[in-house]
Amino acid sequence: MKCPYCQSEEDKVVDSRSSRNGKAIRRRRECLGCARRYTTYEYVETTPIIIVKSDGRREPYDRVKILEGLKMACTKRPISAEDIEQMADNVENQLQTLAEGEISAKQIGELAMRQLYQVDEVAYIRFASVYRKFKEVKEFLAEIKALQKSYS
């Protein structure tokens, strides 16, 4: 590991602990060259997930896209940043168990909607309206009626 300050490759680990719900190891290191400290993270290397878009294009999975969609749906709702991160983690965990290299964008959208459905109905409807490309009010009403039926 190169020191980000002096580029020396000699360091020692000062502290090591589990991080990000056990998905990473956080290590505090001290450079033996300049004596400055810095933090590194270790993650399990997984096979990359390829997303198959509705038009057939393929692109690598990007967590940022899921997070941005969830954040947009949760704007001005009583949902913490930690809750949004947790929803993204849940989607990612499910992707790792489902995916064998490729997964459709539709499946990812459904996983995200399932997370929102459990947390906030308004955020769920917002996400569904964009994801399912609602064009008319009756589509919103149909989704709201389906949501109400699930509570009956």
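**A walk around helix H3**

Start by selecting the buried residues of H3: Ile108, Gly109, Leu111, Ala112, Met113, Gln115 and Leu116. Keep in mind that this is a predicted model.

Now show what sits over them. The cover includes strand S4 (50-52), helix H1 (63-73), helix H2 (81-98), strand S6 (102-104) and helix H4 (121-131).

Leaving aside residues up to four places away in sequence, Leu116 touches Leu70, Ala73, Cys74, Met87, Ala123, Tyr124 and Phe127.

Then widen the view to the largest nonpolar core, which has 27 residues. Which of its residues touch the most other members? Pick out Leu70, Leu95, Ile108 and Leu116. Colour H1, H2, H3 and H4 too, as these are the elements that give two or more residues to this core.

Two backbone stops are left. Most residues other than glycine have a negative phi. Select Gln7, in the segment before strand S1 (11-19): its phi is near 70°, a positive value. Gln7 counts as partly exposed because its relative accessibility is 46%, between the 20% and 50% cut-offs.

Finish at Lys76, in the loop between H1 and H2. Phi of Lys76 is also positive, near 60°. Is Lys76 buried or exposed? At 80% relative accessibility, Lys76 is over the 50% cut-off, so it counts as exposed.

Note on methods
Residues numbered from 1 in each chain as written. Predicted model: local features only at pLDDT ≥ 70, side-chain atom pairs only at ≥ 80, totals over all residues. Heavy atoms only, no water. Buried < 20%, exposed > 50% of the residue type's maximum accessible area, 1.4 Å probe, protein only. Helix = DSSP H or I, 4+ residues; strand = E, 2+ residues; numbered from the N terminus. Contact = heavy atoms within 4.5 Å. Core = buried A, V, L, I, M, F, W, Y, C linked by side-chain atoms within 4.5 Å.
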